[in-house]
Amino acid sequence: MADMKATIKSVSIDLFFKKGYFATSISDIAGGSGIQKASIYYHYASKEDLLFHILKSTMDDLTTTLKRCLAKGTGTEQRMRAAVRGHVRFHLERQKENFIANSELRGLTAEHYRSITQKRDEYELIFQDLIRQGAEQGVFADVDVKILSYAILTLCTAGATWYKPNGRLTVDEIADIYENFIISGLKQGNLNTPASY
């Protein structure tokens, strides 16, 4: 039963990515999963419930990834580098889920919408704290922490909309570009500043 629940979720991710949430029917999901339409409701209360589970697990996994990346860093700059790399890699490696997370929020009920945006706010706070620490330590320029966190996350998230797995650059090469660009900006364009450990 757990396998079928995972299958339904996987099929839904593919369909929501290709067709969009609103254009995908329960019949489409059932057909792709090889089950009867009514069987979907044994695992998920509704199509919206399915969307919510996709967005929730994606957001939870993203936060877990960020915390794991931060644990490897020893100074503010290194932690920010790790955070940016982790965010970019996650959005490219799990492109479909992240594309859905950024384009289909309007499909959620008000309650589920609040739940996801609360998780996003908590995630953004981690980046804001990093930027604030860097500014206080003189590692980063003195900036509007909140606005800059939005700018960084929007930039790093956008890869999910254009990334091509068979494209010119690897995930790591793209992450390198983002990492250096963002750190350069945080330091006001000076990449030659010694790293703070």
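The sulfur of Cys156 lies 12 Å from the closest cysteine sulfur, in Cys69, which is too far for a bond. A disulfide here means a pair of cysteine sulfur atoms within 2.5 Å, and by this rule the count comes to 0 disulfides. This is a predicted model, where local features need pLDDT of at least 70, side-chain atom pairs count only at pLDDT 80 or more, and totals for chains, interfaces and linings use all residues. Residues are numbered from 1 along each chain as its sequence is written, and side-chain values use heavy atoms, with hydrogens and water left out.

**Cysteines**
- Cys156 counts as buried at 2% relative accessibility; buried means under 20% relative accessible area, exposed over 50% and partly exposed in between, with a 1.4 Å probe and protein chains only.
- Cys69 is buried too, with a relative accessible area of 14%.
- Cys69 is in no disulfide.

**Nonpolar cores**
- The largest nonpolar core has 29 residues; such a core is a set of buried Ala, Val, Leu, Ile, Met, Phe, Trp, Tyr and Cys residues joined through side-chain atoms within 4.5 Å.
- Met80, Val84, Val88, Phe127, Ile152 and Leu186 have the most contacts inside this core.
- Two or more residues each come from helix 4 (47-72), helix 5 (76-93), helix 7 (110-136), helix 8 (145-157) and helix 10 (171-186); helices (H or I, at least four residues) and strands (E, at least two) are DSSP runs, numbered from the N terminus.
- Helix 10 gives the largest share of this core, 7 residues.
- A second, separate core has 22 residues, among them Ala30, Leu50, Phe52 and Ile100.
- Leu186 touches Met80, Ile131, Phe140, Ala141, Leu148 and Ile152, leaving out residues up to four places away in sequence; contact means heavy atoms within 4.5 Å.
- As a general pattern, nonpolar side chains in soluble globular proteins tend to be buried together.

**Thr65**
- Thr65 sits in helix 4 and counts as buried, at 14% relative accessibility.
- Not counting residues up to four places away in sequence, Thr65 touches Gly86 and Phe90.

**Tyr44**
- You will find Tyr44 in the loop between helix 3 (37-43) and helix 4.
- At 3% relative accessibility, Tyr44 counts as buried.
- Apart from its neighbours within four places in sequence, Tyr44 is in contact with Lys5, Ile8, Lys9, Asp49, Leu50 and His53.
- Tyr44 and Ile8 are 36 residues apart along the chain, and their C-alpha atoms are separated by 9.1 Å.
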